[in-house]
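This briefing concerns the packing and the aromatic contacts of one protein model. Please consult the sequence and the structure shown below.

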Amino acid sequence: MRIAPHLSIRGLVTGLAVAAMAVAGTVSLGVNATPSHAATCNGYVGLTFDDGPSNDHTPAILNALKQNGLRATMFNEGQYAASYPAQVQAEINAGMWVGNHSYTHPHLTQQSQAQIDSEISRTQQAISSAGGGTPKLFRPPYGETNSTLKSVEAKYGLTEIIWDVDSQDWNGASVDAIVQANAQLGNGQVILMHEWPANTLTAIPRIAQGLASRGLCAGMISPQTGRAVAPDGGGTTTGGTTTGGTTTGGTTTGGSTTGGATTGGTTTGGSTTGGGGTPGGCKVAYNPNSWPGGFTADVTITNTGSSAINGWNLGFTLPSGQSVANAWNANISPSSGAVTASNVSFNGQIPANGGTASFGFQGTWSGSSFSKPASFTLNGAACSVA
């Protein structure tokens, strides 16, 4: 995801990244060696970095990841893979996995099938020619997808990877916020980060510490399931399979549901709907990214009450002219007007006292200006707006 032309962003933050690299190197000396290879891995998460490679930022990111025992998936743009083939090879040599992120980072859902094919095929070739192998994973720019794009992905044997957590590093998130975003990751989940923000580079040692403290390891993203698994491709994840932003066939395991009965909900294909009682308090952060005719929205629900919420329905009204095209980490119905977003199988519980659940969606809009929903209700109770 980007909010400004890529080349100009790189130019602006080069100096900051160099300074941050020094900070990252200093801090990492205090981190336990190779935290991603802890004696016991209770689960695996997928760390991803978009928009590379480059001579300005890739070496620093790779150095910080290696120093802190982390591996990640680098979603490369074809134009940069072609320009900086040595950095693609450096990613492979550092133990990273390389995915396709289109050639020029356009809004693919606004392009023809032939244009989409060109974006994907040229990137496959650029990465392969640079020594990065033939990618099996594809991340659509801005997280935007549709049936035409999916058909082209299938032609090239690519699995579409959106994300479970958006670090918001592209949106100026602080180091603390990026670290906290990574702290939300659960087994099998994937986070969106980028290689160019200086704050992301600085956050890497603390990300490693946080994962190690929770017994989580940095893993690869399975081309079969789209979920994070052990680096050798082994191991299993529970709680749903996310592919292309749609959760299918998952099951919820481990633990029992307490603190409120679920009423009026059904479980179909691993997707749980229906609320888990009225929350003691809630807050909603709604962060959209819009362009003419389309938008994406990242939504985070915070449980400010003293009891866990088990199963949630978030109600809100989309402004006139807006419509949901697809969603990830939630089911949204209907597509416009007064809508309800319901949890999927792996994110139905929101812990008490500040616990969060996140989802997102892509949509279309028309009119003279873009606006946000005015209010939100969680399981029927009004929430404050962050």
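Which residue just after H5 takes a positive phi? Gly131 does, at about 95°. The model is predicted: local features need pLDDT of at least 70 and side-chain atom pairs pLDDT 80 or more, while totals for chains, interfaces and linings use all residues. Residues are numbered from 1 along each chain as its sequence is written, and side-chain values use heavy atoms, with hydrogens and water left out.

**Helix H5**
- H5 (residues 113–129) has 17 residues and reaches 24 Å from its first C-alpha to its last, close to the 24 Å expected at 1.5 Å a residue.

**Nonpolar core**
- The largest nonpolar core has 30 residues, of which Leu47, Phe49, Leu65, Leu70 and Ile204 touch the most other members; such a core is a set of buried Ala, Val, Leu, Ile, Met, Phe, Trp, Tyr and Cys residues joined through side-chain atoms within 4.5 Å.
- Helix H8 gives the largest share of this core, six residues.

**Aromatic pairs**
- The structure holds 10 aromatic pairs, with ring centres within 6.5 Å (the six-membered ring for Trp) and planes under 30 degrees apart counted as stacked, over 60 as edge-to-face and the rest as tilted.
- Phe295 and Phe361 are edge-to-face, because their centres lie 5.8 Å apart and their planes stand at 85°.
- Phe295 and Phe370 form a tilted pair, with centres 5.0 Å apart and planes at 55°.

How values were computed:
Buried < 20%, exposed > 50% of the residue type's maximum accessible area, 1.4 Å probe, protein only. Helix = DSSP H or I, 4+ residues; strand = E, 2+ residues; numbered from the N terminus. Expected span 1.5 Å × (residues − 1).
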